[in-house]
Amino acid sequence: MKAFYSFSLCLLALLIVLLSSCSSAKKDSSTASSPQPPPAFHVDSATAGSISGGIRYIGKRPAPKTIDMSEDPACVAAHHGKAVDESLVVSPKGGLANAFIYVKSGLEGKRFDPPSTPAVIDQRGCWFRPRIIGIQVNQLLNVINSDPVTHNIHPMAEVNREWNHSQGAGDPPLARRFIKPEVMIRVKCNIHSWMHAYIGVLDHPYFAVSRDDGSFTLPNLPPGDYAIEVWHETLGTQEQKVTVAPHSDAPVNVIFKAH
């Protein structure tokens, strides 16, 4: 009986050792097979180029549409009763503002770390400022309310997670991130129906919003062949192919015509 008991203990100990070894091997195998992200790509400043140009609008401009903010006196006061729609902003010389320009293809296989500086959307004057904004995947987005009234920010994402949050006057900033590329995410305020914005989320830093005169620049690009897309909230999209040579500034000029 004693011999049988000793044999049982030895057998149990052997089973424990075998199970432990299998578990450890499985863990090591799982760890070894976990894909590691490629190292972040860093542009060689000795060869980097850029893309720059302008976005223009040709045709009859629609008459400015007055926005009725009478439901909120504080919003009326912020604009002295003269708020107008900003979905189509054209300079006297035809420059188209608020177009989103970005590298659509040509950076495949390159991984870029998000910047440490947060992007910011401010709710000011009962508008989202800026109206069009670009942000990198996993970059922090801070949402601020500078108005004396309660606002609501509701990014209606389709690829990323949709979220909806109210923010009262004096509340601390909201901090959010988007984890996947998505161009573009429409943003609305569920309290003030005229408040709209758009967020372009990309996995690289090569994007810009056209200035008031329609100009833009995409600096510090590695040499290569690219497809550039220009997006506008009411005029649609256009695409151009461009080659960036070392130390060159490749021109991209796009014309949108009135519908």
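**Exercise 1. Is Y198 buried or exposed?**

Solution. Begin with the ground rules: this is a predicted model, in which local features need pLDDT of at least 70, side-chain atom pairs count only at pLDDT 80 or more, and totals for chains, interfaces and linings use all residues. Residues are numbered from 1 along each chain as its sequence is written, and side-chain values use heavy atoms, with hydrogens and water left out.

Next comes the scale: buried means under 20% relative accessible area, exposed means over 50%, and partly exposed is in between (1.4 Å probe, protein chains only). The relative accessible area of Y198 is 12%, so Y198 is buried.

**Exercise 2. Describe the aromatic pairs of the model, including the one between F112 and Y206.**

Solution. Step one is the rule: rings of Phe, Tyr and Trp (its six-membered ring) pair if their centres lie within 6.5 Å; planes under 30 degrees apart count as stacked, over 60 as edge-to-face and the rest as tilted. This rule gives 6 aromatic pairs.

Step two: the ring centres of F112 and Y206 are 5.7 Å apart and the planes stand at 85°, so this pair is edge-to-face. It links distant parts of the chain, 94 residues apart: F112 is in the loop between β2 (100-105) and β3, and Y206 is in the loop between β11 (196-202) and β12 (207-209). A note on these names: helices (H or I, at least four residues) and strands (E, at least two) are DSSP runs, numbered from the N terminus. F112 is buried at 10% relative accessible area, and Y206 is buried at 4%.

Step three: Y198 and W231 form a tilted pair, with 5.0 Å from centre to centre and 55° between the planes. Y198 belongs to strand β11 and W231 to strand β14 (residues 224-232), so the pair ties together parts that are 33 residues apart in sequence. W231 is buried too, with 13% relative accessibility.

Finally, look for a cluster: ring pairs link F41, F112 and Y206.

**Exercise 3. Find out which cysteines form a disulfide, and where they lie.**

Solution. A disulfide is a pair of cysteine sulfur atoms within 2.5 Å. The count by this rule is 1. The partners are C75 and C126, whose sulfur atoms are 1.9 Å apart. C75 is in helix α2 (residues 73-78) and C126 in the loop between β3 (119-124) and β4 (127-129), so that distant parts of the chain, 51 residues apart, are linked.

For the handedness, check the torsion about the S-S bond: at about -75°, it makes the disulfide left-handed. C75 is buried at 0% relative accessibility, and C126 is buried at 1%. C189 is in no disulfide, for the nearest cysteine sulfur, that of C126, is 8.3 Å away.

**Exercise 4. Which side chain makes a polar contact with the side chain of S52?**

Solution. Locate S52 in strand β1 (residues 49-58), where S52 is buried with a relative accessible area of 17%. A polar contact is a pair of N or O atoms within 3.5 Å; within protein, one must be able to donate a hydrogen and the other to accept it, and residues adjacent in sequence count only if both atoms are side-chain atoms. The partner is D249, at 2.6 Å.
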